[in-house]
Amino acid sequence: MNLGYLFLAIAIVSEVTGSSLIKYTEGFTKPLPSIFCMALFGLAIFMLSKTVNYIPLYITYALWGALGIILVTLISIFVMKESVNIATILGLFFIVIGVVLVNIYGSSH
């Protein structure tokens, strides 16, 4: 496994976990969730900076952004019991298609 993809996985998990904690910070008035949230975002950015040493930035950011959005949406639906509509699902579908296209055809020759 490419080390870059390990760094990217850690960045994504950190960002998704940090994003999921935002609701529990209550506007950063709750110290413990706020500290964890900020630390996880810091770890995510640090790992993202390591990732780009192995994977081109445009692929790194496409995967990080798309997987982050999809995972946060799934957590919102299944953990936080928030609802989504067909437009949201369609938008997520287009994000996935965009990331696939970037990864397949985006490399410079």
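The crossing of helices H1 and H2 is left-handed (the near helix is turned anticlockwise from the far one by less than a right angle; clockwise is right-handed). Helices are DSSP runs of H or I with at least four residues, and strands are E runs of at least two, numbered from the N terminus. The model is predicted, with local features needing pLDDT of at least 70 and side-chain atom pairs pLDDT 80 or more, while totals for chains, interfaces and linings use all residues. Residues are numbered from 1 along each chain as its sequence is written, and side-chain values use heavy atoms, without hydrogens or water.

The protein has 4 helices and 0 strands. Along the sequence, the pattern reads α-α-α-α. The C-alpha atoms fill a box of roughly 50 × 35 × 20 Å along the principal axes.

H1 spans residues 3-25, and H2 spans residues 31-51. The two helices pack at an angle of about 155° (0 to 180 degrees, between N-to-C directions of lines fitted to C-alpha atoms over the stretch in contact). Their axes lie 7 Å apart. H1 and H2 are therefore roughly antiparallel (over 145 degrees; under 35 is roughly parallel, 65 to 115 roughly perpendicular, the rest oblique). The contact between H1 and H2 has 16 nonpolar, 8 polar and 2 charged residues (Asp, Glu, Lys and Arg are charged; Ala, Val, Leu, Ile, Met, Phe, Trp, Tyr, Cys and Pro are nonpolar; the others, Gly among them, are polar).

A second pairing joins H3, residues 57-78, to H4. Here the packing angle is about 160°, and the axes are 10 Å apart. H3 and H4 are therefore roughly antiparallel to each other. H3 passes H4 in a left-handed crossing.

H1 also packs with H3, at about 40° and with axes 9 Å apart. That angle makes H1 oblique to H3. The crossing of H1 and H3 is right-handed.

H4 covers residues 86-105, a run of 20 residues. From first C-alpha to last, H4 reaches 28 Å. This is close to the expected 28 Å (1.5 Å times one less than the number of residues).

Mean pLDDT for the protein is 92 (the predictor's confidence in each residue, from 0 to 100). Of its residues, 96% reach 70 or more. Confidence is highest in H2, at a mean of 97. It is lowest in H4, at 88.
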